[in-house]
Amino acid sequence: MKILAFESSCDETAAAVVEDGRKILSDAIASQAEMHALYGGVVPEIASRKHVEVIAALTERALAEAGCTKDDIDAVAVTYAPGLIGAVLVGLSFAKSLAYAWGVPLIPVHHVRGHIAANYLAFPDLEPPFLALAISGGNTLIADVRDYTDIRVLGATRDDAAGECFDKAARVLGLPYPGGKPMDELAQQSRGGVYPLPHARVTGAELDMSFSGLKTAVVNLAHHAQQVGEPLDRAALARDFTEAVSAELVPRAIRALELTGYRKLAAAGGVAASTIIRAQLQAACDARGCRLYLPPLSLCGDNGAMIGAQGYYEFLAGRTAGMELNAYATRSLDAPAP
């Protein structure tokens, strides 16, 4: 089964063709990062307009790279939530038009389910049940993947997502947007241990997280140093910040493994590209004899292939939608299918 899939929840327009949920035939991405870097972050209106400009040509490219025509496509999958509402609507509207014109099913896919499904593309042997740690610019959560479409949230951030904090911390350190890769490179230049940073606990919810205090602490440290004329060890602060984020994520993921009894942990999302977090997740899993699935960097960020992978399993579960399908800026990972 060949699925043409779209992802447009933020600042990447992506179109891909995926076969049987596991094989990438094409994965075309048009990034807007350079444009939004001028503003230090994503400008929603600009993002939406750029999606409109490129999505048709990107679709043609994805089909050509896959060696397909519209007659080869069995279904169209698309991110319907969550994300910047204008951006999501562009991809959803375009996908609807193709599904209607071509007479094929329309498959709605939750963005975070797509991130988790990126692991199916990277690891042919991975099958549920397993635990997933989804860490991206807009979402941070721990999920119990009971089956391909039966996914339950066990813990999540109560405020900011880990990736959003990386971008804000990078900005106060004078690094370009998006901040993940520059922060990672800067953190590699120090062993850290210079700046004490807060660690949050959520009473009564041991798997829940909070990152707003950490983000504020980094901003305050940088501003204080500037105001009093003290030198700021940027590399050490980048390292200590990354270690603090990892200290929120890794122990909770391991605790979730203990609570569920699972021996498999899959990481997903843009923050899973951090070399420090990847290494600490690997060390923690190795120490407990658990298998860690880390997708390649190309599948950590937003892409269309991950939507096609999850779309395949949503289709098998009978989860298709009509032309009335709407977009959602926020929607829980385990909410009922629309």
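**The contact of α2 with α3**

Tutor: In α2, the residues Ser 48, His 51, Val 52, Ile 55, Ala 56, Thr 59 and Leu 63 meet Gly 86, Ala 87, Val 90, Gly 91, Phe 94, Leu 98 and Trp 102 of α3, where contact means heavy atoms within 4.5 Å. These residues divide into nine nonpolar, five polar and no charged; Ala, Val, Leu, Ile, Met, Phe, Trp, Tyr, Cys and Pro count as nonpolar, Asp, Glu, Lys and Arg as charged, and the others, Gly among them, as polar.

The model is a predicted one, in which local features need pLDDT of at least 70 and side-chain atom pairs count only at pLDDT 80 or more, while totals for chains, interfaces and linings use all residues. Residues are numbered from 1 along each chain as its sequence is written, and side-chain values use heavy atoms, with hydrogens and water left out.

Two packed helices are described by the angle between their axes and the distance between the axes. Helix α2 spans residues 44-66 and helix α3 residues 85-102; they pack at an angle of about 40 degrees, with their axes 9 Å apart. α2 is therefore oblique to α3. The axes are lines fitted to C-alpha atoms, for helices over the stretch in contact, and angles run from 0 to 180 degrees between N-to-C directions. Angles under 35 degrees count as roughly parallel, over 145 as roughly antiparallel, 65 to 115 as roughly perpendicular and the rest as oblique. Helices (H or I, at least four residues) and strands (E, at least two) are DSSP runs, numbered from the N terminus.

Buried means under 20% relative accessible area, exposed over 50%, partly exposed in between (1.4 Å probe, protein chains only). The structure holds zero disulfides, a disulfide being a pair of cysteine sulfur atoms within 2.5 Å. For Cys 165, the nearest cysteine sulfur, that of Cys 10, is 15 Å away. Cys 300 is also in no disulfide, and its nearest cysteine sulfur, that of Cys 285, is 15 Å away. Cys 300 counts as buried at 1% relative accessibility.

Another buried residue is Glu 248, at 2% relative accessible area, in helix α8 (residues 234-260). Not counting residues up to four places away in sequence, Glu 248 touches His 199, Ala 200, Met 209, Ser 210 and Phe 211.

The loops hold some backbone features as well. Most residues other than glycine have a negative phi, and most peptide bonds are trans. The peptide bond from Tyr 177 to Pro 178 is cis, with omega near -10 degrees, and Pro 178 lies in the loop between α5 (162-172) and α6 (180-187). Asp 20, although not a glycine, has a positive phi of about 55 degrees; its place is the loop between β2 (12-19) and β3 (23-31).
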